[in-house]
Amino acid sequence: GAAGEAASKSFATGVIGMSGIDESKEKALSADCSVEDAQKRVKELLVELECRTRLECARLREAVRQARDAAKMEIMTLAGQQLAQQERELQRIMELQVREIRAKAVQSMRERDAHYDERARQEWSLVNDRAKSFADNTVRMHKLRLELESEELLHKEREAALTSLTEAEEEARLRVRKERDALMLVQGAMQDYSSTAQVSQGLHALSLAALGIGSAMDSRAPFSDELKALKRSAALGDSVVQAAVVSIPERAAKDGIATVEELRSRFGFVCNEARRRMLVPEGGGMFSEFIGSARSWLQSDFKDTSMPGEGGGSEGLLRRAQFLVNRGDILGALDQLAHLEGRPAQAVSGWVESARQRLIVMQALRLLKAHVGAESLRIDTSVGGSD
């Protein structure tokens, strides 16, 4: 502007150079120059010097700002790399744990199925033995009847044989009734076993789906396949599973759920942005945003070692929420952030939605696990009673 033109005027005319003032080109230093002209020229030089000093200060401030922005970007890049490395290690550990738990669950179900199959074989073997004995008795009775009918001359023996045959038939009827009752009991037991096996398989699939969702939540992986498995279980008419499936958002299953560590690391940036917006004057445009950013640079991060006291307005709510997030209490942090209003509330809205989705899915998983435990206990109790 005008200051820059005034600061460069003497340099452009060659009066002032790198070695100082050129006396041959400066009219104020000539012998015929009056005192008034010399004083006027000195004032002009002073104005040029002041303008040039301001210009150099502005350039220096711009250079300092650029250096500071570059340093911030480098720090954020290093932090992001470290966070990504930690997330990959955590995902690897959780996958190992999930595979181990899944293998144990599959082994347990196989052992239980093998136990049920062995019991069924034993029951059927007993039924076959009794049926064979009944058939042998029938053949013997038929032979005896033929022999008695062929001995017409031995009337007394026939009467005795008939009496004996009548008693044997009565005993046979009693045995047939007992065998039939035993067979009906075995058939009932087999039907109960078949129903129990179907329920066990459903609980096993439900448990695997819940474990898969829990693993996905710990690694921010999508779990659309696990949600489809839950929907298949819900289609069988289980009201508890239906309630859990309805509460899980489809979008969350497709994109994945934010981990606790991710929520903890994101909240630091979200909290700083909310505090910055608190310092922005109302209705000031870009200049107000610049002022708010400058003020926020002077603030320090929250480092409370104990729960801050009540009060303090929006600043106090953010401080208590930061403390709770650092302790892993996401629900408590949401309770604090629910009281924010205006620009700070807008700044934390994205984080609040991610945290709320995680709590909803966790609540659904707790419901499913409790349901699986209750049904497994009921099956064990019924099997023990039948033994």
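These legends walk through a few close-up views of a predicted model.

View 1. In sequence order the pattern reads α-β-β-α-α-α-α-α-α-α-α-α-α. Of the 387 residues, 26% are buried, meaning under 20% relative accessible area with a 1.4 Å probe, protein chains only. Residues are numbered from 1 along each chain as its sequence is written. Local features need pLDDT of at least 70, side-chain atom pairs count only at pLDDT 80 or more, totals for chains, interfaces and linings use all residues, and side-chain values use heavy atoms, with hydrogens and water left out.

**View 2. Helix H7 beside helix H9.** The axes of H7 (residues 260-278) and H9 (residues 313-326) come within 10 Å and cross at roughly 170°, so the two helices are roughly antiparallel (an angle over 145 degrees; axes are lines fitted to C-alpha atoms over the stretch in contact, with angles from 0 to 180 degrees between N-to-C directions). Look for Leu263, Phe267 and Cys271 among the H7 residues in contact, and Leu318, Ala321 and Val325 among those of H9; contact means heavy atoms within 4.5 Å.

**View 3. A closer look at helix H9.** Buried residues of H9 include Gly316, Leu317, Arg320, Phe323 and Leu324. After H9 comes Gly328, with a positive phi near 85°.

Methods. Helix = DSSP H or I, 4+ residues; strand = E, 2+ residues; numbered from the N terminus. Buried < 20%, exposed > 50% of the residue type's maximum accessible area, 1.4 Å probe, protein only. Parallel < 35°, antiparallel > 145°, perpendicular 65-115°, else oblique. Expected span 1.5 Å × (residues − 1).
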